[in-house]
Amino acid sequence: MLRILYLTCCLLILFTSHTFASPQIKDFSADSEFSEVKISPDGKHLGVILIEDEKRTLLILNLETMKPTNAVKFSGDEEVGSYYWVNDERIVLQKLYKHAQREVSDYYGELLAVNYDGSKSKYLFGYNGGSSTGTSISSNETIRASAFVLDTLKDDDKYIYVMAYPWNGLNYSYTLVYRVNVYSGKRKRLTTSPIANAGFLVDNKEDVRFSFARDNKNDDQLFYYENGEWVDAERIKGGLTDFYPISFTEDNKSIYAIAHGEGATQAIYEVELATAKHKKIIQHDVVDPFMTWISEQTNTLYAVEFENGYPEYQFVDTESAKAKALQQLMAAIPDHRIRIVSETIDGNTLIVAAMNDKNSGDYYLFDRKKLKLKFLFAGNAALDPSEMSEVRPISFTNRDGVTIHGYLTLPSGIKDHKNMPLVVNPHGGPHGPRDLWVFNPENQLLAQNGIAVLQVNFRGSGGYGKAFEESGYLAWGSKIQYDIIDATQYVIDQGYVDKGRVCISGGSFGGYSALMSPMLAPDMFKCAIGVAGVYDLEQMYNTGDIPDSYGGEAFLKEVLGTNTQQLQTMSPTHNVSKLKAKVLLIHGEEDERAPIEQFEAMEKALNQANYPFQKEIWEKEGHGFYNAENRAKYYEIMLKFLKENLNVK
């Protein structure tokens, strides 16, 4: 399918025709055909990740001919991770490892470099540097640390900045920043973070200026590099809280930061470093900033994206070249979320991703000078957006008088959206994540079968201000579930849903809610599907990866509390007697976040109560489905179970 668009004064769009087959389960469960599309700085080549033999491969294309120049791939259990163009010819990439016992790949912090044509391969950074890698890639000095690219230094073709987390057997380390030669691998340490597990912000002169992290009590820490040393940045915050620097102004004298100040939501502030004077630039009444747009040419902020139902954009500088390009793209591809995912060094050629509720993502090439937009490829060409279902934002007032937002997926091909079967799909987290106006393959599959899907940004969700998120603390089994129940009742009352045909299904915390909500409202749900769920909250202090993580125990105490009686009251394992719904439990044996012990505790509780249930266990899967074939099998089992209980043919 080729789609070409020329941005003239009338923004004329020309599409060639394409015939889609009726979508199958395998089409919804498939991995993206193309991802991480990035253009070389000179605009001559294109990099793209594709799946080949179930492994990630980096394909390099000649942009003029769109023919392959090279494919970067590994043998054995290795595959390509994230990658970066660091100059016109050189690429730095992560090496991942697949394992026979589990589907998810692991990253051990190794960085490699190679030219786009496959020449001059070099092991840059990692634990295996001093020994043979089993490939033609030459080795380098060993360092036992996990490396991540901090800055590609657009004005320097030989060096990048790498931040590295040393391996010390603990759950924290003081982060190191190195200047690394991308050809030889030689490195020079620039600084060490003043706080554990830190990130950094580099200014427009390529100096490392800020270091930030959360301590083991989950309190925000911020330091500023001044006069040759790290100093506490409390002065710069000027009374603002949850302060996070995002970019410098072009003159390096001020920064833009996200922070809480006046109002319920986070805002964008401009802060003068010398005086600590701050000025509010942008704030939304309902939601926090969702994404900030930084110019690759000037490293300065030019736009902010919000998600209040649909995506909204506000501009810091409407006259900047990049802001104008974004506005042109929004006009040329209407009703889509726009992403500028990569660009040439001069900023004249952009790689653009466009997606919405019906479209998982299309990639375009935009020539900013000629105002020409050329379609490249779709992330999943098997799914026709015109046949997908609308995701409609909703809002309502809950039982406590709080406005709650969410989304309702309405099956396409139905003339009157009334008295539909419904699946409630709570999101994971619960704190930090939120549901968005995006393409959700599982929900679209349900809608293809005539089933509406409800998503709820309940109290505790991220994105609606700190107070809203904290209102879900200590309330996993109460306020959060009541919001889910109230949202379900709302769509029933609006006539969308047949109250006799409602099920609930979710993963992670959503799996917890899928069991807990039917215990609080037994007559509302016909069936419940828990996927990778947590079911015994006391057990969260002793199993899984959260207690052993830096700040993990403090997090659990803050959001769950330590009152044994309250934890049991909020745990599905202690409330089986309240259930009426048919139950399906799905879990992966290699799950580290919600370990198999959580499933076993729920299984034991159901068996002791002689409560019938269905179960499906995946030996190699972890916290979710990483293998497309396993995901397809899960969809088949899930869909069959729902259709039987919702009386859908």
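Which cysteine residues form a disulfide, and how far apart are their sulfur atoms? In this predicted model, cysteine 503 and cysteine 527 form the disulfide, with 2.0 Å between their sulfur atoms.

## The disulfide

The count comes to 1 disulfide. The link between cysteine 503 and cysteine 527 is right-handed, with 120 degrees about the S-S bond. The pair joins distant parts of the chain, 24 residues apart. Cysteine 503 sits in strand β34 (residues 497–507), and cysteine 527 sits in strand β35 (residues 527–531). Both cysteine 503 and cysteine 527 are buried.

## Parallel pairing around β32

Strand β34 also pairs with β32, in the parallel sense, over 4 bridges. Within this pairing, valine 424 has isoleucine 504 of β34 as its bridge partner.

Strand β32 (residues 420–424) is mostly covered, with 5 of its 5 residues buried. Its pairing with strand β33 (residues 452–457) is parallel too, over 3 bridges. Here the partner of leucine 422 is alanine 452 in β33.

Strand β8 (residues 90–99) has 8 of its 10 residues buried, so it is largely enclosed by the rest of the structure. In a regular strand, side chains alternate between the two faces of the sheet.

Strand β7 (residues 78–85) runs antiparallel to β8, and 6 bridges join them. Valine 80 stands opposite lysine 95 in β8. The two strands, β7 and β8, form a hairpin with 4 residues between them.

Strand β9 (residues 102–115) pairs with β8 in the antiparallel sense, over 8 bridges. Arginine 90 stands opposite asparagine 115 in β9. A hairpin through 2 residues joins β8 to β9.

## Salt bridges

Side chains of opposite charge can pair when their charged atoms come close. The structure holds 28 salt bridges. One of them pairs glutamate 36 with arginine 56, the closest N and O atoms being 2.7 Å apart. This pair links distant parts of the chain: glutamate 36 is in strand β3 (residues 35–39) and arginine 56 is in strand β5 (residues 55–62), 20 residues apart. Glutamate 36 counts as partly exposed because its relative accessibility is 25%. Arginine 56 counts as buried, at 18%.

Glutamate 234 and lysine 237 meet in a salt bridge at 3.6 Å, N to O. They are 3 residues apart in helix α2 (residues 234–237), so about one helical turn separates them. Glutamate 234 is partly exposed, with a relative accessible area of 48%. Lysine 237 counts as buried, at 10% relative accessibility.

## An exposed pair and a network

Is the pair of aspartate 523 and lysine 580 buried or exposed? Aspartate 523 counts as exposed because its relative accessibility is 64%. Lysine 580 counts as exposed as well, at 56%. Their salt bridge brings the closest N and O atoms to 2.6 Å. The partners lie 57 residues apart, in distant parts of the chain. Aspartate 523 is in the loop between α7 (509–520) and β35, whereas lysine 580 is in the loop between α9 (564–569) and β36 (582–588).

Elsewhere, salt bridges link Glu305, Glu307, Arg337 and Arg339 in a network.

## A nonpolar patch

Leu170, Tyr172 and Tyr174 make a nonpolar surface patch of about 300 Å². Tyrosine 172 lies in the loop between β12 (159–166) and β13 (174–181). Tyrosine 172 is partly exposed, at a relative accessible area of 32%.

Key:
Residues are numbered from 1 along each chain as its sequence is written. This is a predicted model: local features need pLDDT of at least 70, side-chain atom pairs count only at pLDDT 80 or more; totals for chains, interfaces and linings use all residues. Side-chain values use heavy atoms; hydrogens and water are left out. A disulfide is a pair of cysteine sulfur atoms within 2.5 Å. Buried means under 20% relative accessible area, exposed over 50%, partly exposed in between (1.4 Å probe, protein chains only). Patches are made of residues with over 30% relative accessible area and no salt bridge: like charges are joined within 9 Å, nonpolar side chains (Val, Leu, Ile, Met, Phe, Trp, Tyr) within 5 Å. Accessible areas come from the Shrake-Rupley method with a 1.4 Å probe; for residues, only the protein chains shown count as cover. A salt bridge is a side-chain nitrogen of Lys or Arg within 4 Å of a carboxyl oxygen of Asp or Glu. Two strands pair if DSSP finds at least two bridges between them.
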